[in-house]
Amino acid sequence: MIRTRSYVPLSQNQEELTEKRLELFDCAANEDDIHQYVSGQVPAHWHRELEAFYLLSGEVRVSAGDQAYDLHRGEGCFINTGVLHSYTALTAEPCRFRSFVFDAAILAGAPGSVFDTRYVRPFLAEGTAFAPFSAEDSAYAAAFSAAFSACASETFGYEFTVRGALSQILLLAQAKAIASVPAAPQEERMKAMLAWIDAHLESEIRMEDLAREAHVCQRVCQRLFQRYLHCRPMEYCMQKRVIAAAWMLSTTDEPVTNIAVKYAFSSPSHFSRQFRLATGCTPSEYREKSHQA
């Protein structure tokens, strides 16, 4: 089954939450447009699963760890486990994509198998954090298409096709080593700060408190946000508040004023102004559009 969505469900430490229905064959196939997400961005998150991404149209910036890469139509990428990453639309035109988020155990098979010990486990531990694929990488496109078609049809035995195609993609990614897995201490500090922000969206967030959570000074806190998210900490906090408010607008009938108060905006007008800057429409307009979708 192909999944479409405009929101990434996250735990408090920014880990993407896996749907319960994926327990038997933990492979989610997605198809959507980056513009369907608030501000045209899939926000920074991470997951224990591997991810393969393919861009069908438009232009997208992928931030993976502390690096950023621009992808164009017909290009894609592979992201290792635990890597903090996000996607941002760079053009007004549709930025349609397909992706797989899947458990490495699908490829590894039984623990201690040759697939596990020779290929999968070394890649998870020491493989590239991010592997880009250009439009000329026909093998990647072919393997991706085969896996996606199998997920769309779900005919008997489709899991074998998906497993074989994703295994081929893993081998291609191993040959595309661009950057090693990001240094754990810096990445873990970022995850800790992002988790703290999510837990405090309904109250005032101060730089000194955020820096204290990561056991760094405020200057280092600023540098980490610039390095990994390419924005200032308070800009990120505002973005997360708008995303949380957008989710409430689309899924509840809570009054706009109450939502503004809940997420610590100084006034309803401040909320409306920030929301329009991020989404191009007022909270009321966003709610109406989401209910029509």
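I take contact to mean heavy atoms within 4.5 Å. I note before going further that this is a predicted model, in which local features need pLDDT of at least 70 and side-chain atom pairs count only at pLDDT 80 or more, while totals for chains, interfaces and linings use all residues. Residues are numbered from 1 along each chain as its sequence is written, and side-chain values use heavy atoms, with hydrogens and water left out.

**Entry 1**

Is Y54 buried or exposed? Y54 counts as buried because its relative accessibility is 18%, and the scale I used calls a residue buried under 20% relative accessible area, exposed over 50% and partly exposed in between, with a 1.4 Å probe and protein chains only. Not counting residues up to four places away in sequence, I find Y54 touching G74, E75, G76, R96, F97, R98, Y140, A141 and F144. I also checked Y54 against S145, and the two lie 91 residues apart in sequence and 9.4 Å apart in space, C-alpha to C-alpha.

**Entry 2**

I then followed β4 to its partner β9, to which it is joined by six bridges in an antiparallel run; two strands are said to pair if DSSP finds at least two bridges between them. In this pairing L50 stands opposite F102 of β9. Strand β2 (residues 27–33) is also antiparallel to β9, with seven bridges between them, and there I see D33 opposite R96.

Within β9, which covers residues 96–102, I picked out S99. S99 is buried, at a relative accessible area of 3%, and apart from neighbours within four places in sequence it is in contact with A28, A29, N30, E51, A52, F53 and F144. I wrote down that β9 is largely enclosed by the rest of the structure, because five of its seven residues are buried.

**Entry 2: the open sheet**

In what order do the four strands of the open sheet stand? I read the order as β3-β8-β5-β6, with antiparallel pairing. The edges are held by β3 (41–45) and β6 (67–72), each of which has a single partner strand, so one side of each is left without a neighbour in the sheet. From one strand to the next the twist averages 20°.

Inside this sheet I looked at β5 (residues 59–64), which is joined to β8 (residues 85–89) by five bridges in the antiparallel sense, and S63 has S86 of β8 as its bridge partner. On β6, the bridge partner of V62 is Y69, and β5 and β6 pair antiparallel over six bridges. The hairpin of β5 and β6 has two residues between the strands, and in this hairpin G65 takes a positive phi near 65°.

For helices I used axes that are lines fitted to C-alpha atoms over the stretch in contact, with angles from 0 to 180 degrees between N-to-C directions. The axes of α8 (residues 233–251) and α11 (residues 283–292) come within 8 Å and cross at roughly 50°. That makes α8 oblique to α11, given that angles under 35 degrees count as roughly parallel, over 145 as roughly antiparallel, 65 to 115 as roughly perpendicular and the rest as oblique. The contact is made by A246, M248, L249 and S250 of α8 together with P283, Y286, R287, S290 and H291 of α11.

I turned next to α2 (residues 114–126) and α4 (residues 158–174), which pack at about 60° with their axes 11 Å apart, and these two helices are therefore oblique to each other. From α2, I listed F115, Y119, V120 and F123 as meeting R163, L170, L171, A173 and Q174 in α4.
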